[in-house]
Amino acid sequence: MAGPDGPPLRRGPASPTLHWPGKPTPEQVLAEARQIQPRFRLAERWGAPEVEAGQLYWGENLHVAAHLLQAWRGRVDLVYIDPPFGLQRALRRRWGAHPADPVAYQDRWPEGLAGYLQMLYPRLVLIRELLSDSGSLYVHLGPQVAPYVRVLLDELFGPGTFRNEIIWRRDAAGKGGKRASPQWPRNTESILFYTKRPKGYHFTQLTRPLSPEQAAAYRLKEPDGRRFRAVQLGNYTEASIRRLEAQGRIYVSPTGKRYKKYYLDEARATIDGLWTDLPGFGTRSAAKEHLGYPGQKPEALLERILLASSRPGDVVADLFAGTGTTLVVAQRLGRRWLGCDLSPLALQACRRRLSALDGAALEIWWEEAPAPCGVEGERAPVGVEARREGRAVRLRLVGLPQGPGAPAGGPGDGPPLVEGWAVDGEMAGVFRPLWHTFGPVRVQDPPLAREAVVPLPVQAQGVRVQVADGAGRLYRFAARLGELPAGPGWAALVQVAHD
Ligand SMILES: C[S@@+](CC[C@H](N)C(=O)[O-])C[C@H]1O[C@@H](n2cnc3c(N)ncnc32)[C@H](O)[C@@H]1O
């Protein structure tokens, strides 16, 4: 058995593999992906037109990955995924633990673990195809499924491609109910790190300031008070020792033995695979970035991964994007990005977060086939009215509870009727918001704007409004400008079930 720094274990033809009924081969997955022939259409475009946009797909990620292969095969530098953890339950978006909290996504698998692996395996096969030769994959998992996925990734990626299992301690143990649990607290998650090839991948080693315990080892002091520690010289040549001496970097002990000096003010610790310094979100976290979305990860975690395994301009993808944490961090760090999620709530969280970033632009592609995503045909929970005011249009939502203390939804009292709404000056085609608002997530956040005056471009023929409800469902309304009064009255926009 090799030691921790010894040669990697060789995987020969008899390497163990994981089996379950119905497991396809990678070749079958790729052949099936070619058969799917999914169709997507650009349905929304947020941000300034001249800015290069990240691409977010609203659809089934197996179809999205199959579609992306056409343009991105071998071109993605970093993939991070944070799939469901196989918990066999529905996960809800929290509006203060309200009974009506909407389901964000399902984490139930008919055949249990086998069903879960049957879901994940083909997606991993396609993701491997998307990765560039120098690319990296991070798969974020709960402890129940991580060991199985580790075996699958070994099978798929082959010898020498496993880099680390990062253990992330999500929160300090001992809070609330966990204290009474008859087992060790389950407060860790695994992030499996693989590279497409055993060599030639990109990795930047990251450091952080020393912990107080590490700093305490710097006990010796220069006459000016500068702290250092003395380390045995090892196999330095006499010439190098003389050079260090000339630089004042050799310490001679009272017994005359020579040591190398390491100064505290220059010292940093290398970040290793045990991450205990990045707090996650409890269910009622007050963290500003937390949206109450189940499984949302902190930006600091993604920042660490992106800084280590990608460079500015690289392409980063997350096909289980949730609230878009990876995409937000990629945007901030100057990476290009591709994202995907199936959940309308996830998409709405991505609109909120990415539209708030300076200089960001966002394309949203909706799946048309084989599993279409789109606006609701059902009656919207509110109406929209408008009138013209010169080259602008004044719009208002009607049907929202009125007055102080009215249960408008949101923090504390369940999902809101309207989570956000946006206005475009085109009647059809790609929806390009000219104005938008989002409702509060925390009690202290400003309320949803119920009324707006939106200046329209000269060529505008009409006005279109997209409303998202508390479950992320989309409703659209439209009117021609000619149908809107120019005086004090209001006209109702017509709800439409298409773009
Ligand atoms: C744990 S959450 C990801 C959270 C994300 N890392 C964040 O920070 O917000 C998992 C996401 O995977 C999405 N998902 C699950 N199955 C999917 C599928 N087949 N296609 C697309 N998205 C899927 C869910 O809707 C959910 O948003």
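Me: How should I read strand pairing here, and which residue of β11 is the bridge partner of Lys221?
Reply: Strands of a sheet pair through backbone hydrogen bonds, in either the parallel or the antiparallel sense, and two strands are said to pair where DSSP finds at least two bridges between them. In this structure the bridge partner of Lys221 in β11 is Arg227, and strand β10 (residues 220-221) pairs with strand β11 (residues 227-232) in the antiparallel sense over two bridges. Helices (H or I, at least four residues) and strands (E, at least two) are DSSP runs, numbered from the N terminus. The model is a predicted one, in which local features need pLDDT of at least 70 and side-chain atom pairs count only at pLDDT 80 or more, while totals for chains, interfaces and linings use all residues. Residue numbers start from 1 along each chain, as its sequence is written.

Me: How many residues lie between the strands of the hairpin of β10 and β11, and what does β11 pair with besides β10?
Reply: Five residues lie between the two strands of that hairpin, where Gly225 takes a positive phi near 95°. β11 also pairs with strand β13 (residues 258-263), in the antiparallel sense and over five bridges, with Tyr263 of β13 as the bridge partner of Phe228.

Me: What is the order of the open sheet of four strands?
Reply: That sheet has the order β23-β20-β19-β26, with antiparallel pairing, and its edge strands are β23 (451-455) and β26 (491-492), each pairing on one side only. Strand β20 (residues 392-398) pairs with β23 in the antiparallel sense over five bridges, and there Val393 stands opposite Val454.

Me: Is Thr255 buried or exposed, and is Gly47 buried or exposed?
Reply: A residue is buried if 20 or more other C-beta atoms, placed from the backbone, lie within 10 Å of its own, exposed if 12 or fewer do, and partly exposed in between. Thr255, in the loop between β12 (250-252) and β13, is exposed because it has 5 other C-beta atoms within 10 Å. Gly47, in the loop between β1 (39-46) and β2 (54-58), counts as buried because it has 20 C-beta neighbours inside 10 Å. Leaving aside residues up to four places away in sequence, Gly47 touches Ala53, Ala360, Ala361 and Leu362, where a contact means C-beta atoms, placed from the backbone, within 7 Å.

Me: How many residues of helix α3 are there, and what covers its buried residues?
Reply: Helix α3 (residues 113-130) has 18 residues and reaches 26 Å from its first C-alpha to its last, close to the 26 Å expected at 1.5 Å a residue, the expected span being 1.5 Å times one less than the number of residues. Its buried residues include Tyr116, Leu120, Leu124, Ile127 and Leu130, and what covers the buried residues of α3 includes α1 (26-36), α2 (61-72), β3 (76-81), β6 (131-141), α4 (146-157) and β16 (315-318).

Me: Which residues have the most contacts inside the largest nonpolar core?
Reply: A nonpolar core is a set of buried Ala, Val, Leu, Ile, Met, Phe, Trp, Tyr and Cys residues joined through C-beta atoms within 7 Å. The largest one has 76 residues, and those with the most contacts inside it are Ala65, Val79, Ile127, Leu130, Leu192 and Ala317. The largest share of this core, nine residues, comes from α3. Apart from it lies another core, of 26 residues, among them Leu448, Ala452, Val467 and Ala478.

Me: Which elements do the buried residues of α7 pack against?
Reply: The buried residues of helix α7 (residues 299-309) are Leu301, Leu302, Arg304, Ile305, Leu306 and Ser309, and they pack against β3, β6, β7 (162-169), β16 and α8 (325-332).

Me: Which residues come nearest to the ligand?
Reply: Of the 19 residues around the ligand, Tyr105, Gly295, Gly322, Thr325 and Ser343 come nearest, a residue being near if its C-beta atom, placed from the backbone, lies within 6 Å of the molecule.

Key. Two residues are in contact if their C-beta atoms, placed from the backbone, lie within 7 Å.
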